[in-house]
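Subject: Structure for you to look through

Hello,

Here is the structure I said I would pass on. Please open it alongside this note, and follow the residues as you read.

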Amino acid sequence: MREPLLILGAVALATAAAAAEPRIEPVPPDWRGVDRQRLEIVAAEASASLSEQYAPGRIHDGDRKTKWVFPTRPSATVPQWVPLTLAGGPAEVSAVAVFGETIGNDGILDADIQVESEGSWKGVAAIRDASSPSWLATFPFVRTAQVRLLVLRSSGPSPHTDVWEVEVFGRELPPAEQKVFLATRLEMLRT
């Protein structure tokens, strides 16, 4: 009788381990995460932008017809990046959707999704040799106030990289925790 229970236990452990692994999956350009809580982004900065028309704020404006454009070719040694600051401070983040230009037309080939943790960036998901311009990175919940898209390689033909939209998903912290965070931030700004 114990053997079936051991097998079921092993299956449960394997399933839990697989669920904890980061996962990248292609999504259509019009995909909406209706089954997920979208977290609001309050600010975006970038390593560079082609012009004001293609500023980093376009990456989270909710309009997939506007975009952020990085003007030079990225590489592993000289990546391009855009950190996104969440409204309301830290939240439990579990997914990031990226909507970029098509592959072969300045789309992303290699990128990392990172979160800010104790003053440094920590990778939570990576895509290599992307075959789709739009994809969803899912990973175990992590508490953070900032998420960063780090682009390592894009497809040309120009040296630009075009990103239409980035959406962050997870769950907001309870109001009491948000209040403590905001009070601490306000006190830091006063000093």
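**Charges over rings**

The charged end of R64 lies over the ring of F99, at 3.6 Å from the ring centre. R171 does likewise with F141: its charged end sits over that ring, 3.8 Å from the centre. Keep in mind throughout that this is a predicted model.

**Overall layout**

The protein has 2 helices and 11 strands. Read from the N terminus, the order is α-β-β-β-β-β-β-β-β-β-β-β-α. There are 191 residues, and 42% of them count as buried. The accessible surface comes to about 10,500 Å². Carbon and sulfur atoms account for 58% of that surface. Take the contacts between residues at least 6 apart in sequence: 78% of them join residues at least 24 apart.

**Cores**

The largest nonpolar core holds 31 residues. Which residues have the most contacts inside this core? They are V98, I113, W135, L149 and V168. Leaving out residues up to four places away in sequence, I113 touches V96, V98, K122, G123, V124, A125, W135, A137, F139, V147, R148 and L149. Another core, of 8 residues, lies apart from the largest one. Its members include A95, F99, L136 and W164. F99 is also the ring under the charged end of R64.

**Aromatic pairs**

The structure holds 2 aromatic pairs. In one of them, the ring centres of W31 and F169 are 5.7 Å apart. Their planes stand at 80 degrees, over the 60 that edge-to-face requires, so this pair is edge-to-face. The pair links distant parts of the chain. W31 is in the loop between β1 (23-26) and β2 (38-39), while F169 is in strand β11. They are 138 residues apart. Are these two residues buried or exposed? W31 is buried, with a relative accessible area of 16%. F169 is buried too, at 2%.

W68 and F70 also form an edge-to-face pair. Here the distance is 6.1 Å centre to centre, with 65 degrees between the planes. W68 has 0% relative accessibility and counts as buried. F70 counts as buried at 6%.

**D162 in β11**

D162 is in strand β11, which covers residues 161-172. Why does this aspartate count as buried? Its relative accessibility is 5%, and the cut-off for buried is under 20%, so D162 falls in that class. Setting aside residues up to four places away in sequence, D162 touches K67, W68, V69, G100, E101, N105 and D106. W68 in that list is the partner of F70 in the aromatic pair.

**P74 and its surroundings**

P74 is in the loop between β4 (68-70) and β5 (80-86). At 5% relative accessibility, this proline counts as buried. P74 and R153 are 79 residues apart in sequence, yet 5.2 Å apart in space, C-alpha to C-alpha. Neighbours within four places aside, P74 is in contact with Q80, V151, L152, R153, S154, P159 and T161.

**The β7-β8 hairpin**

Strands β7 (residues 108-117) and β8 (residues 120-127) pair in the antiparallel sense over 7 bridges. V115 has K122 in β8 as its bridge partner. The two strands form a hairpin with 2 residues between them. E118 sits in the turn.

**Backbone points to check**

Most residues other than glycine have a negative phi, and most peptide bonds are trans. These spots depart from that pattern:

- E118 is not a glycine, but has a positive phi of about 55 degrees. With a relative accessible area of 81%, E118 is exposed.
- D129 is not a glycine either, and has a positive phi of about 55 degrees. D129 lies in the loop between β8 and β9 (134-144). At 56% relative accessibility, D129 counts as exposed.
- The peptide bond from G156 to P157 is cis, with omega near 20 degrees. P157 is in the loop between β10 (146-154) and β11.

Best wishes

How values were computed. Residues are numbered from 1 along each chain as its sequence is written. This is a predicted model: local features need pLDDT of at least 70, side-chain atom pairs count only at pLDDT 80 or more; totals for chains, interfaces and linings use all residues. Side-chain values use heavy atoms; hydrogens and water are left out. Helices (H or I, at least four residues) and strands (E, at least two) are DSSP runs, numbered from the N terminus. Buried means under 20% relative accessible area, exposed over 50%, partly exposed in between (1.4 Å probe, protein chains only). Contact means heavy atoms within 4.5 Å. Accessible areas come from the Shrake-Rupley method with a 1.4 Å probe; for residues, only the protein chains shown count as cover. A nonpolar core is a set of buried Ala, Val, Leu, Ile, Met, Phe, Trp, Tyr and Cys residues joined through side-chain atoms within 4.5 Å. Rings of Phe, Tyr and Trp (its six-membered ring) pair if their centres lie within 6.5 Å; planes under 30 degrees apart count as stacked, over 60 as edge-to-face and the rest as tilted. A charge sits over a ring if NZ of Lys or CZ of Arg is within 6 Å of the ring centre and within 35 degrees of the ring normal. Two strands pair if DSSP finds at least two bridges between them.
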